[in-house]
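I opened the model and looked up a few places in it. My notes follow.

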Amino acid sequence: MILEIVLLCGLVLFSVAAVLFRDLLKAAISLAVASLLLGIIFFLMKAPYIGAFEISVVAGLITVLFIVTIALTKTGGDVREAKAASWIFPLFFVVFLALDFFVMRGLMGKIPALQGTPEQGAFGEVLWKLRTFDLVGQIGVIFAGVLAVLALFRKRDKDE
Amino acid sequence: MAFLFVALPLLVAGILPLVGKISKKVLPDLLANSVFIILLALVFFEGRGLAGREAAILQLSWLGEPLNIRLMLDGFSLFMLFAVSLVGFAISLFSVDYMDHYGSKANFYALFLVMTAGMNGLLLVTDLFQIYIFLEVAAVASYALVAFGLGQDELEASFKYLMLSAVASAFLLAGIVIIFGVTGGLDFETVSQSLRSLDARYVVGVCAALFILGFGLKAALVPFHAWLPDAHPSAPAPISAALSGLLIKVSGVYALTRVFLNVFGLTPALSTVLMYLGVISMVVAAFLALGQTDIKRMLAYSSISQVGYIVLGIGLGTPLGILGGLFHLFNHALAKSLLFLNSGSLQMSTGTRNLDEMGGLGKRMPVTAGTSLVGSLSIAGVPPLNGFWSKLIIIVALIQADQWAFALIAVLASVLTLWYYLLIQRKAFFGKLNERWSAVKEAPFWMTVSTVFLALLCIATGIFFAGAVNSWIRPAADALVKGAQTMLGPLGF
């Protein structure tokens with residue numbers, strides 16, 4: 001229980017840090033730590049597939065992409081961190097904890113226990129056999145992303 | 001066959017960037033436009049198949065093996081598919097000439113088709129999580145389309161849109177997760193039955209609030225509208241037309257209506273919240289529109305205001321209210337796309353969007369002026385155009401339900417609407433011709449064809465409104481009324 005609370009607090013801390021840091025490198029690393037913690041939480045909650053995805057893709061792959069991009073584009077010079085970061089952060093954290101304590105705890109008590117779902121089964125089976133249409137949608141999202149990159153980083157034509 | 005609504009645009013979007021290498025303009029134009037013609041034909045085909053039945057669940061199979069892809073087609077989704085295909089066709093026709101100067105046309109069409117696939121998918125899904133996924137498909141494509149011009153404004157608007165849209169998605173996802181936790185299912189049918197058998201009012205309340213926040217942001221209802229007046233004007237004109245005419249209605253209004261009327265059931269409290277949101281959007285956005293000098297910004301605020309009418313009608317929950325709301329949704333899709341396309345013609349010919357700099361352009365661009373007048377009067381609700389009938393139905397429904405205050409506000413907001421649309425007409429097309437524009441020419445051929453097509457549709461829907469209502473809109477309203485009535489009971493009539 002204590003481990004989970006510590007992990008959750010760390011998750012919130014690093015997530016907020018990722019937003020508040022002005023230095024992109026620090027922000028990217030905070031995000032990676034946050035998703036690492038989230039991955040561990042998933043493992044503890046007996047969702048190993050999600051945990052593995054979270055750690056390998058979000059904490060690993062995406063962080064590498066971020067850091068490569070930052071390294072390639074950084075112009076040099078130190079970034080001064082915002083003053084607001086020093087007081088907004090603790091304030092946000094306290095508000096979050098209070099909200100969590102009063103609202104979410106009440107809500108959790110009201111949610112009935114999960115009934116036996118028709119969607120039980122091995123992860124791969126659920127994905128391929130039960131949620132097939134989701135895969136079509138996911139193909140669409142990836143497609144949209146690729147096309148967006150093609151469109152936004154295109155070379156301008158001569159007549160422009 | 002219905003799967004083609006999603007698969008065909010995705011497939012063509014996949015080959016378009018390759019086709020673009022071979023032919024920069026003609027082939028992409030042909031491909032994109034023919035997709036929309038096929039989709040339109042498909043709507044009629046599916047409509048005939050559906051005739052007389054309430055809803056059809058379509059199970060896909062592959063080589064005789066049933067796949068787990070189930071699509072639901074009822075009057076409501078068929079009607080929305082019709083609107084998307086029709087307006088989408090006009091928009092892609094307009095893009096033939098308009099998108100020439102942006103370059104990279106094949107990519108543009110590909111993104112537009114992915115957005116269409118996302119919207120079509122959303123219209124056919126049978127469960128809550130799929131709503132979220134197809135919402136994202138359409139949204140991701142639309143972020144790129146808003147920024148397509150690559151200027152400072154476009155990128156800023158796109159970023160703002162992306163951020164607020166991500167917040168909306170987070171709310172929706174949270175709502176869906178809680179629903180899944182409570183009911184153990186995601187299917188509309190399962191969720192709706194479990195929610196009725198469980199006594200979980202508190203949880204349903206929290207989820208309803210999350211969904212209202214999420215879909216409200218997507219539909220740009222007033223407290224959540226901040227992104228729209230930046231995003232819609234910054235996009236290229238055809239995309240402004242698609243966003244205002246289609247996307248906010250599919251990912252905002254359709255999804256909201258589907259979830260609240262068919263899954264949750266419209267409770268009196270929900271009905272009140274939706275009606276107030278509708279009225280506030282209607283009035284506040286109309287006042288904000290009055291102060292604008294940028295024509296596309298004015299149209300964007302007008303979209304928020306008109307979505308207010310739609311939500312007011314649907315939120316009322318009586319059969320007539322839902323009918324009026326849906327009819328207004330269709331009419332607004334036609335007229336607002338027409339007006340955004342016209343603003344694109346104006347911007348292309350004059351190079352400005354500032355109404356104060358225009359003047360007397362009616363003499364130089366008679367077709368644009370004429371079609372724009374039709375669109376403006378239609379949205380403002382002047383008889384015998386289509387917008388008049390839908391607003392009339394909404395107002396009559398409000399009076400029938402004894403909601404006199406709402407009816408009065410709806411009438412007054414309509415007067416405001418007429419005011420700012422006449423402002424557009426006077427400043428842009430009437431008056432003395434500004435010297436600067438003496439060399440301005442009418443818009444190119446395909447752009448004119450597309451706007452005339454939409455203007456004729458506005459007029460025809462107005463004159464033959466009984467036919468339009470009976471063939472497309474009544475089946476759609478019937479699909480929704482059942483969900484509203486089980487909860488609301490015989491209310492006010």
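**Notes on chain B**

I looked up B:Ala335 and found that, leaving out residues up to four places away in sequence, B:Ala335 touches B:Gly375, B:Ser378, B:Ile379, B:Gly387 and B:Cys458; contact requires C-beta atoms, placed from the backbone, within 7 Å. This is a predicted model, in which local features need pLDDT of at least 70, side-chain atom pairs count only at pLDDT 80 or more, and totals for chains, interfaces and linings use all residues. Residues are numbered from 1 along each chain as its sequence is written, while chains are lettered from A and ligands numbered from 1 in the order in which they are written.

I placed B:Ala335 in helix α13 (residues 319–350) of chain B. Helices are DSSP runs of H or I with at least four residues, numbered from the N terminus. B:Ala335 is buried because 28 other C-beta atoms lie within 10 Å; the cut-offs are 20 or more for buried, 12 or fewer for exposed, and partly exposed in between.

Next I turned to B:Lys25, which sits in the loop between α1 (4–22) and α2 (26–50) of chain B. B:Lys25 counts as partly exposed, with 13 C-beta neighbours inside 10 Å. Not counting residues up to four places away in sequence, I found B:Lys25 touching B:Asp100 and B:Lys105. I also noted 9.7 Å between the C-alpha atoms of B:Lys25 and B:Asp97, which are 72 residues apart along the chain.

For comparison of another kind of entry, I checked a distance for B:Ala335 too: its C-alpha atom and that of B:Val137, 198 residues apart along the chain, are separated by 26 Å.

How values were computed: Helices (H or I, at least four residues) and strands (E, at least two) are DSSP runs, numbered from the N terminus. Two residues are in contact if their C-beta atoms, placed from the backbone, lie within 7 Å.
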